[in-house]
Amino acid sequence: MTQTRAVLLARRPGRTLEVDDMVVGTIDLPDLAQGQALVRNTYMSLDPSTRGRMDPGEKQYTTNFEIGGPMDGSAIGVVVESRSELLPVGATVRHRLGWRELAVVDEAAVTVCDLDVAPAMSWLSALGQTGFTAYAGLLPVGHLAEGETVLVSGAGGAVGSMVGQFARLLGAGRVIGSAGGAEKCAWLRDECGFDHVINYRDSDFAAELPVAAPDGVDLFFDNVGGWQLAAALANMKIHGRISMCGAVSNFGTQEQPTTAVLIETVLRRVTISGFIVRDFEVLRPEFEERVGGWLASGQLVDRATVVEGIENAGAGLVGLLSGANVGKALVRLSD
């Protein structure tokens, strides 16, 4: 029996996540069965959805973490031992057993990643669940059409930065983002090609949005919820659409608006569609071909904020939820 270091849930978080809600410990790894491989993880993904899984209560699309048990999430690593013909030693694979340094994975639950197409980090970012979420929210969910005005909240983060760039590459007429801080806003404008970026920390988002989108918003991709959603509702075009990806504002301390703002969905005949990306798995090959091409041609900026070492993973998640990252947030677990 082999052991590995892993991040464990130490306690249920309060309103604000704290580093001490997580602790690094050890877990046992089973002996390899036929069709399995031992992977040394090189990078793991930090995702806002991890915070929701730390709470009690049923999640319709995933499972919650148990107190004292290991956390998990997307990771990429190298096969170091194998009992699978599909997973040879030395192969780079993506899987769902992150938040630990070593993982025993089943061949049916991993993706072999071609590093000639993109580097390892991009398989967790632009070509990973991050990019796929942006792609699904824009196309099968949001029904993006050429020439439309697109607004994305949380634009400086992993999904948001991909949403804005994908929208531009897919022919949107105007791309507007919201982000916290001058550095993020400048990066989105100067490198990612956003037409307008609202710094919600230093300006009045509700007042600036109608200036940025004087004719209204066709499609709003929402990662934040709260007051930004309320402001967007008041600036949607008639028959506008909202792709609801997340509501990270739920984990903050600011008072949120009441459901009274939803009257705008009636007045403007707005469609709000919540979605979980795994429902669109049939589109994965199309997505990888298209986004892989954008990466290869240099049309797509794929930036990451990297935290070093599993012992800093908890601090990395806390920082993610407070907006400390630019682009994708990752933890480097080994070279």
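Helix axes are lines fitted to C-alpha atoms over the stretch in contact, and the angles between their N-to-C directions run from 0 to 180 degrees. Helices (H or I, at least four residues) and strands (E, at least two) are DSSP runs, numbered from the N terminus. The structure is a predicted model, in which local features need pLDDT of at least 70 and side-chain atom pairs count only at pLDDT 80 or more, while totals for chains, interfaces and linings use all residues. Residues are numbered from 1 along each chain as its sequence is written, and side-chain values use heavy atoms, with hydrogens and water left out.

The axes of helix 5 (residues 205-212) and helix 6 (residues 226-233) come within 9 Å and cross at roughly 40°. Helix 5 is therefore oblique to helix 6, a class that holds angles not under 35 degrees (roughly parallel), over 145 (roughly antiparallel) or 65 to 115 (roughly perpendicular). In contact here (heavy atoms within 4.5 Å) are Phe205, Ala206 and Leu209 of helix 5 with Gln228, Ala231 and Ala232 of helix 6. By class, this contact has five nonpolar residues, one polar and no charged; Ala, Val, Leu, Ile, Met, Phe, Trp, Tyr, Cys and Pro count as nonpolar, Asp, Glu, Lys and Arg as charged, and the others, Gly among them, as polar.

Next comes the interior. A nonpolar core is a set of buried Ala, Val, Leu, Ile, Met, Phe, Trp, Tyr and Cys residues joined through side-chain atoms within 4.5 Å, where buried means under 20% relative accessible area, exposed over 50% and partly exposed in between (1.4 Å probe, protein chains only). The largest such core has 47 residues, and Leu138, Leu144, Phe166, Leu188, Phe194, Val291 and Leu300 touch the most other members. Among the elements giving two or more residues to this core are helix 3 (158-169), strand 9 (174-179) and helix 8 (284-297). Helix 2 gives the most, with six residues. Beyond its neighbours within four places in sequence, Phe194 is in contact with residues including Val152, Gly164, Ile176 and Leu188. A second, separate core of 18 residues includes Met22, Leu46, Ile310 and Leu317.

Most residues other than glycine have a negative phi. Trp99, in the loop between strand 5 (92-95) and strand 6 (102-106), has a positive phi near 65°, and counts as buried because its relative accessibility is 0%. Arg269, in the loop between helix 7 (263-267) and strand 13 (271-274), has a positive phi of about 55°; at 45% relative accessibility, Arg269 counts as partly exposed.
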